[in-house]
Amino acid sequence: MKKHNFSAGPSILPREVIEETAKGVLDFNGSGLSVMEISHRSKDFQAVMDEAVALFKELLNIPDGYSVLFLGGGASTQFCMVPYNFLEKKAAYLNTGVWAKKAMKEAKGFGETVEVASSAESTYTYIPKDYTVPADADYFHITTNNTIYGTEILKDPDSPVPMVADMSSDILSRPVDVSKYICIYGGAQKNLAPAGVTFVIVKNEAVGKVSRYIPTMLNYQTHIDGGSMFNTPPVLPIYSAMLTLRWIKAQGGVKEMERRAIEKAAMLYGEIDRNKLFVGTAAKEDRSRMNICFVMAPEYKELEADFLKFATERGMVGIKGHRSVGGFRASCYNALPKESVQALIDCMQEFEKLH
């Protein structure tokens, strides 16, 4: 039976990326060695790093003066690194979910932290719109896609101060005006690579402005100067990331990823809105293209476990909602084919006929 992988992370990767990664694990570039056992200082791996950085810059149209870094520690470490490197007096945060709240919590240890708006009172079912970013803030932090609650900021906001963004789960799914940001970061395990590597896009001239001492490994300048090679980088995920970036370019780039994301989301939200058994959970204007969250309609709540079993038996993987909200979540990242979305829709329609 074909499996349809809707997991929120680690997530589906393009099949050819998995196959090429597997080949590299066995024999990298005909060297007779695995990519997992070659030196990260070797010419062969330096070429991988260089190509991954160049493709990232090309696909996102990153302006001159920015560095692309591949680091360890996940986005959660970036919650700390961002204020360490950029917060001198005040930072502004938009609270749109669990991860945004965690990022804000870390910043409070480094200086004044202003929550400009929050949708917590509505269980984060919408993106706040009417808020004011303090003009004297060092930066304004946003989380562009909220995997748990299924909301997404689909356009780069206007801000009176430089922005920082956690784009863990929607990077490379739409064009981004990188020039509005001094830092964009994210865990790669959703749209880019296996778990284990974190991407950071950082504006070079924004670094080195704070007066505090920054530990060497937490200083962006360390990794800019070292080309992500100050310490041994997560070699295998970076290799897979390079292959994924190649795949995105071959498919038509970020604009094509966006077109596909819009198409897949429209298909699934259309069925959620049509089918009397299901209800979407996010405000329609803020619905995520990446993480589509829905629940049983109130009068059919008792069928939730039955539908999960029904769908799982038909090859749907990872559609159970996050433990904090329940229901269902279909993550439709770049590598998920339209056919998988249609298979889930077919499941929903078949279940509707039975009930």
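Which residue stands opposite Arg329 in strand 14? In this predicted model, the residue opposite Arg329 is Cys293. The pair belongs to the contact between strand 12, which spans residues 291–296, and strand 14, and these two strands run antiparallel to each other over four bridges. A further bridge position is given by Phe294, whose partner in strand 14 is Phe328.

The sheet that contains this pairing is open and has three strands in the order 11-12-14, with antiparallel pairing. Its edges are formed by strand 11 (278–280) and strand 14 (328–331), each of which pairs on one side only. From one strand to the next, the twist averages 35 degrees. In a regular strand, side chains alternate between the two faces of the sheet. In strand 14, Phe328 and Ala330 point one way, whereas Arg329 and Ser331 point the other way. All four of these residues, Phe328, Arg329, Ala330 and Ser331, are buried.

A second open sheet comprises seven strands in the order 2-10-9-8-5-3-4, and its pairing is mixed. Strand 2 (66–71) and strand 4 (112–118) are the edge strands, with pairing on one side only in each case. Neighbouring strands of this sheet are turned against each other by 15 degrees on average, direction ignored. Within the sheet, strand 8 (residues 163–166) pairs with strand 9 in the parallel sense, over four bridges. Met163 has Tyr181 of strand 9 as its bridge partner. Helix 4, covering residues 98–107, lies across strand 3 (90–95), strand 4, strand 5 (139–143) and strand 9. Relative to strand 3, helix 4 runs at about 165 degrees.

The loop between strand 9 (181–187) and strand 10 (198–203) holds Lys190. In an unreviewed UniProt entry, Lys190 carries the annotation "modified residue: N6-(pyridoxal phosphate)lysine". Lys190 counts as buried because its relative accessibility is 14%, below the 20% cut-off. With neighbours within four places in sequence left aside, Lys190 is in contact with Ala8, Gly9, Ser11, Ile12, Thr147, Ser168, Ser169 and Tyr333.

Gln189 lies in the loop between strand 9 and strand 10 as well. With a relative accessible area of 23%, Gln189 is partly exposed. Residues up to four places away in sequence not being counted, Gln189 touches Gly9, Pro10, Ser11, Pro194 and Ala195. For Gln189 and Pro10, a separation of 179 residues in sequence corresponds to 4.9 Å in space, C-alpha to C-alpha.

Arg41 is exposed, its relative accessible area being 53%. Apart from residues up to four places away in sequence, Arg41 touches Met229 and Phe230.

Two packed helices are described by the angle between their axes and the distance between the axes. Helix 6 (residues 235–251) packs against helix 7 (residues 253–274) at an angle of about 80 degrees, and their axes are 7 Å apart. Helix 6 is therefore roughly perpendicular to helix 7. On the side of helix 6, the contact involves Trp247, Ile248, Lys249 and Gln251. These residues meet Gly253, Val254, Glu256, Met257 and Arg260 in helix 7. By class, the contact of helix 6 with helix 7 consists of four nonpolar, two polar and three charged residues.

Helix 7 also contains Glu258. Glu258 counts as buried, because its relative accessibility is 15%. Residues up to four places away in sequence being excluded, Glu258 touches Ser173, Arg174, Pro175 and Arg289.

Key
Residues are numbered from 1 along each chain as its sequence is written. This is a predicted model: local features need pLDDT of at least 70, side-chain atom pairs count only at pLDDT 80 or more; totals for chains, interfaces and linings use all residues. Side-chain values use heavy atoms; hydrogens and water are left out. Two strands pair if DSSP finds at least two bridges between them. Axes are lines fitted to C-alpha atoms, for helices over the stretch in contact, and angles run from 0 to 180 degrees between N-to-C directions. Angles under 35 degrees count as roughly parallel, over 145 as roughly antiparallel, 65 to 115 as roughly perpendicular and the rest as oblique. Contact means heavy atoms within 4.5 Å. Ala, Val, Leu, Ile, Met, Phe, Trp, Tyr, Cys and Pro count as nonpolar, Asp, Glu, Lys and Arg as charged, and the others, Gly among them, as polar. UniProt positions are given in the numbering used here, feature names are shortened, and annotations may be inferred rather than shown by experiment. Buried means under 20% relative accessible area, exposed over 50%, partly exposed in between (1.4 Å probe, protein chains only).
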